[in-house]
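Below, labels attached to parts of a model are set against the rules behind them.

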Amino acid sequence: MRILIAEDDEALAKYLKQGLEAEQYQVDVAPDGDQARIAATESEYDVVVLDLNLPRIDGVDVLRHLRMKRPSVPVLVLTQRTRIEDRVQCLDTGADDYLPKPFSFNELSARIRALIRRSHLPSEAVLTVGDLQLDRVQRMVQRGGVRIELTTKEFSLLEYLMRHAGRDVTRSMIIEHVWNLTFDTTTNVVDVYINYLRRKIDDGHPTKLIQTVRGVGYALRSPAQAAVEAQI
């Protein structure tokens, strides 16, 4: 799951990013309204956490833009504005939830989970490839009914592979989505994390789901597809 935090308070943004990443979300931060509008329009997010008092472009204007360009993305307004008029304006403009500051991080986390549950169909919330299941809401992975513990980056990498199951993905595509970085041909971070995943996902199973695609990158195949790959 990928979350955008639009917040100009650097300390608060860092606190939110660290807290949500500890819960295995992939988190991007936009420090002003212009960057928030561009990021939310050009990238796919599962939730946007939006402050209203943003530099350059006000949060309400960002919200209006989002509802035109990304009408289905859940938006949680997190702000110091506590007047009823502000709440009504945001909800009427298209916000899905409204949480005033100061706030409890546990409550914020619970509200985010609720938004994700409401915004994803069951088939989208739980990804399945063969006997491998990834629950995007509960942040759980299991294969053959046995739970597998993953780090935040391992979870994000597996989620990306499962969302593109059956398709070849390049190292550049992986590192840009999972690490939010421009691909550097000298780094082997993708290969290292693929090996981590293989040990946890494939070791001990006769069918290996994570495949190396020579000259391209990697792919996660269903058992039927993996069997065909093994014969080639």
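Q: Where is R139 placed?
A: This is a predicted model. In it, R139 sits in the loop between strand 7 (132–135) and strand 8 (140–143).

Q: What is noted about the phi of R139?
A: Phi of R139 is near 60°, which is a positive value in a residue other than glycine.

Q: Where is E7, and what makes it buried or exposed?
A: E7 is in the loop between strand 1 (2–6) and helix 1 (10–22). Its relative accessibility is 3%; buried means under 20%, so E7 counts as buried.

Q: What does the side chain of E7 reach, and at what distance?
A: The side chain of E7 reaches the backbone nitrogen of D9 at 2.9 Å. A polar contact requires N or O atoms within 3.5 Å, and the E7 distance is 2.9 Å.

Q: Which residues does E7 touch, not counting those up to four places away in sequence?
A: E7 touches L12, A13, V29, A30, P31, D51, L54 and K101.

Q: What is the peptide bond between K101 and P102, and what is its omega?
A: A cis peptide bond joins K101 and P102, with omega about -5°. P102 is found in the loop between strand 5 and helix 5 (105–119).

Q: What is the strand order of the open sheet of five strands, and which are the edge strands?
A: The order is 2-1-3-4-5, with parallel pairing. Strand 2 (26–30) and strand 5 (97–100) are the edge strands, because each pairs on one side only. Neighbouring strands of this sheet are turned by 20° against each other on average, direction ignored.

Q: How do you know that strand 1 and strand 3 pair?
A: Pairing takes at least two bridges. Strand 1 and strand 3 (residues 47–50) have four, in the parallel sense, and I3 stands opposite V47 in strand 3. Helix 3 (residues 59–69) packs on the sheet and touches strand 3 and strand 4 (75–79); the direction of helix 3 makes about 160° with that of strand 3.

Q: What makes strand 10 and strand 12 a pair?
A: The requirement is at least two bridges. Strand 10 (residues 169–170) and strand 12 (residues 217–220) have two bridges, in the antiparallel sense, so they pair. V169 stands opposite Y218 in strand 12.

Q: How many bridges link strand 11 and strand 12?
A: Strand 11 (residues 210–213) and strand 12 pair in the antiparallel sense over four bridges. The bridge partner of I210 in strand 12 is L220. The hairpin of strand 11 and strand 12 has three residues between the strands, and G215 there takes a positive phi near 75°.

Methods
Residues are numbered from 1 along each chain as its sequence is written. This is a predicted model: local features need pLDDT of at least 70, side-chain atom pairs count only at pLDDT 80 or more; totals for chains, interfaces and linings use all residues. Side-chain values use heavy atoms; hydrogens and water are left out. Buried means under 20% relative accessible area, exposed over 50%, partly exposed in between (1.4 Å probe, protein chains only). A polar contact is a pair of N or O atoms within 3.5 Å; within protein, one must be able to donate a hydrogen and the other to accept it, and residues adjacent in sequence count only if both atoms are side-chain atoms. Contact means heavy atoms within 4.5 Å. Axes are lines fitted to C-alpha atoms, for helices over the stretch in contact, and angles run from 0 to 180 degrees between N-to-C directions.
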